[in-house]
Amino acid sequence: MAGQAAGFVLLLVAACTMQAAQGYSRTTGMAKTTRYWDCCKPACSWRSNAGDVKNPVRTCAAGGVRTLDENEQNGCTGGSSFVCNNQRPFVKDGQAYAFAAANLNGLPISSLCCTCYKLTFTDTSLAGENLIVQVTNTGSDLDNNHFDLMIPAGGEGIYTQGCPAQWPDYENSVWGEQYGGVTSRDKCDALPSNLVDGCRFRFDWFKGANNPHAKFERIACPSILSAISRCKRNDD
C-alpha cells in the first residue's frame, strides 16, 4: 500500500513538473523590441485585466507622483489617471531594469500582467547585454512576441493625447517624434525633471540601439521592480 502511495505521489509530481514545463515553454522565445512613452494609465492598472495579483499596477495623477485609486479613468480617454514617473528604466548595481507593454505567444492579458522577463539582446550594439522587464501594459498595435519598452520620450505611438494631458505646461514637441521619440540625448533635458534620466537611459546604457531583437525568458520578478509597480503575481 505504501509503495502504491509513493508511486502515485511520484506520478503526481511528474505530471505537475510536465505541466510547469509546458507552461514555461509558452513564455520563452525570440522577440522584437520597440520603445514608447504615452503617459497613459497602464492596462495592468485595471484589476479586471491584471489576473492573479494582489494589487494591479500603481497609477498616478498628473505630475506622475501622487498615487490614484485603481478605478480612476485613463487620462488618455478624458480621465485623471496616468503612468507614474518611476516606471522609467534604470540601472542598479550594474543590472538594467525597465517596464514594458508586451504581446507574447498569444497569452491573454490576465496571464501577462506583472510577469517579468529577462531579455538578452541578439543584435545591434546591445548584442549580449540583458535587460530585466516587468510587463505593465499591452498594446493593440503590437505584433506577436513583441516588447514595447517604456522609455520617456521614446515615442507616444497611437496615443498622442496622454502626455499633453499629464504635462500641460510642456510643449508636445518635447516628447519627440510620434514614433521613435527624441533623436538625441540633449533633447532629454527639455522633459519634466523626473523623466530626464529615464530618457537618457536610451542613449547611455541602451547605446542608442534602435529596436533590437532579443531572446526572452520568464523569471521571478525582482523585488526592485514589483516595489515600484506595486504589482506581484501570486503565481510568480
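Leaving aside its neighbours within four places in sequence, which residues is Ser226 in contact with? The answer is Gln134, Cys231 and Lys232, where contact means heavy atoms within 4.5 Å. The model is predicted, so local features need pLDDT of at least 70 and side-chain atom pairs count only at pLDDT 80 or more, while totals for chains, interfaces and linings use all residues. Residues are numbered from 1 along each chain as its sequence is written, and side-chain values use heavy atoms, with hydrogens and water left out.

**The chain as a whole**

Let's step back to the overall layout. The protein chain has 6 helices and 7 strands; these are DSSP runs numbered from the N terminus, with helices (H or I) of at least four residues and strands (E) of at least two. Along the sequence, their pattern reads α-β-α-β-β-α-β-β-β-α-α-β-α. Of the 236 residues, 46% count as buried, meaning under 20% relative accessible area, whereas exposed means over 50% and partly exposed lies in between (1.4 Å probe, protein chains only). Ser226, our opening residue, sits in helix α6 (residues 223-229) and counts as buried at 12% relative accessibility. Among contacts between residues at least 6 apart in sequence, 68% join residues at least 24 apart.

**A residue with an annotation**

UniProt places the feature "active site" at Asp38, in an unreviewed entry; such positions are given in the numbering used here, feature names are shortened, and annotations may be inferred rather than shown by experiment. You can find Asp38 in the loop between β1 (28-36) and α2 (47-50). Is Asp38 buried or exposed? Asp38 is buried, with a relative accessible area of 8%. Apart from neighbours within four places in sequence, Asp38 is in contact with Cys76, Gly155, Glu156, Tyr159, Gly162 and Cys163. Its side chain also reaches the backbone nitrogen of Cys40 at 3.0 Å.

**Nonpolar cores**

A nonpolar core is a set of buried Ala, Val, Leu, Ile, Met, Phe, Trp, Tyr and Cys residues joined through side-chain atoms within 4.5 Å. The largest one has 25 residues, and Trp37, Trp175 and Leu191 touch the most other members. Two or more residues of this core come from each of β3 (95-103), α5 (196-200) and α6, and β3 gives the largest share, 3 residues. Another core, of 24 residues, lies apart from it and includes Ala31, Ala100, Phe206 and Ala209.

**Disulfide links**

A disulfide is a covalent bond between the sulfur atoms of two cysteines. Here a disulfide is counted when a pair of cysteine sulfur atoms lies within 2.5 Å, and the whole structure holds 7 disulfides. The table shows some of them.

| Pair | S to S distance | Torsion about the S-S bond |
|---|---|---|
| Cys44 and Cys113 | 2.0 Å | about -85°, left-handed |
| Cys60 and Cys84 | 2.1 Å | 100°, right-handed |
| Cys114 and Cys231 | 2.0 Å | 105°, right-handed |

Where do Cys114 and Cys231 lie? Cys114 is in the loop between α3 and β4 and Cys231 is in the segment after α6, so the pair ties together parts that are 117 residues apart in sequence. Cys114 is buried, with a relative accessible area of 0%, and Cys231 is buried with a value of 0% too.

Terms used:
Polar contact = N/O pair within 3.5 Å; in protein donor to acceptor, adjacent residues only side chain to side chain.
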